[in-house]
Amino acid sequence: MAAIILEDVTIEFPIYDARTRSMKNRLLGLGTRGRIGVDRGSVQVRALRNVSLALSDGDRVGLVGRNGAGKSTLLRVLSGIYEPPQGRIVIEGTTASLLDMSLGMDPDATGYDNIMLRSAILGVSPAEAAARIPEIEAFTELGDHLGLPLRTYSSGMSLRLAFAISTCVQPEILLLDEVVGAGDAHFMQKAEQRMVEMTERAKILVIASHAAPAIMKRCNKALLLHEGQVLAFGPAQEVLERYKAMG
């Protein structure tokens with residue numbers, strides 16, 4: 001059984017005044033005994049405010065809201081990238097995040113080396129990663145390019161490899177930020193089919209998207225965020241109608 005529980009989760013980011021942090025102002029501050037260029041410190045910007053949420057097996061949730069509403073921040077909290085200074089989080093079940101598929105990949109390493117590097121980031125053991133190489137080879141269709149440094153790849157080739165590595169593990173909890181795009185039309189068909197299979201097998205799906213059709217296609221629930229706060233959570237159709245009414 002998989003589960004996600006958030007209780008009063010708040011995320012704050014410090015925003016510094018660039019003028020007070022410049023080398024020039026620091027030197028002026030030293031030379032004038034602090035009379036010029038005094039560091040005013042920082043202000044705290046709240047990206048999430050007292051978010052509470054409970055998900056269990058079968059929940060497929062679409063995160064909606066305007067740019068800056070907190071959708072990506074919430075996904076990063078669920079993936080463990082951000083640890084909130086306030087609130088409580090409980091995650092039960094294996095989790096896979098497709099928020100940054102290229103995280104941990106080295107442009108000077110070969111495709112094969114990057115399979116091992118990226119797999120380690122995903123929590124896959126070296127033995128498991130090595131066993132998945134034939135599947136990744138076949139899926140990417142990159143052939144001999146896998147023996148070359150990643151910096152020699154086109155952007156489309158790099159996306160193919162990153163996508164194939166990131167989706168070779170079936171998680172219980174799947175986190176997505178917008179619909180994944182990876183390469184040309186032929187590969188997009190393969191990628192779409194794999195995403196369908198992954199989302200169907202996942203016990204919990206959380207996806208952020210601005211596209212209502214994508215939410216309706218994949219999700220049975222939706223969560224509406226506004227300025228870091230939850231405005232609505234419930235059946236996808238009802239929440240999407242409320243979001244649309246916001247204009």
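Predicted model: local features only at pLDDT ≥ 70, side-chain atom pairs only at ≥ 80, totals over all residues.
## Helix α2

In helix α2 (residues 71-79), the buried residues are Lys71, Thr73, Leu74, Leu75, Val77 and Leu78. Buried means under 20% relative accessible area, exposed over 50%, and partly exposed in between (1.4 Å probe, protein chains only). Helices (H or I, at least four residues) and strands (E, at least two) are DSSP runs, numbered from the N terminus.

Residues are numbered from 1 along each chain as its sequence is written, and side-chain values use heavy atoms, with hydrogens and water left out.

## Nonpolar cores

A nonpolar core is a set of buried Ala, Val, Leu, Ile, Met, Phe, Trp, Tyr and Cys residues joined through side-chain atoms within 4.5 Å. The largest has 38 residues, and Leu161 and Leu174 have the most contacts inside it. Among the elements that give two or more residues to this core are α4 (126-140), α5 (155-166) and β6 (173-177). Helix α5 provides the largest share, six residues. Another core, of 25 residues, lies apart from it and includes Ala69, Leu78, Leu175 and Leu225.

Most residues other than glycine have a negative phi. Asp8, in strand β1 (residues 3-16), has a positive phi of about 50 degrees although it is not a glycine. Glu141, in the loop between α4 and α5, is likewise not a glycine and has a positive phi of about 60 degrees. Asp8 counts as partly exposed because its relative accessibility is 43%.
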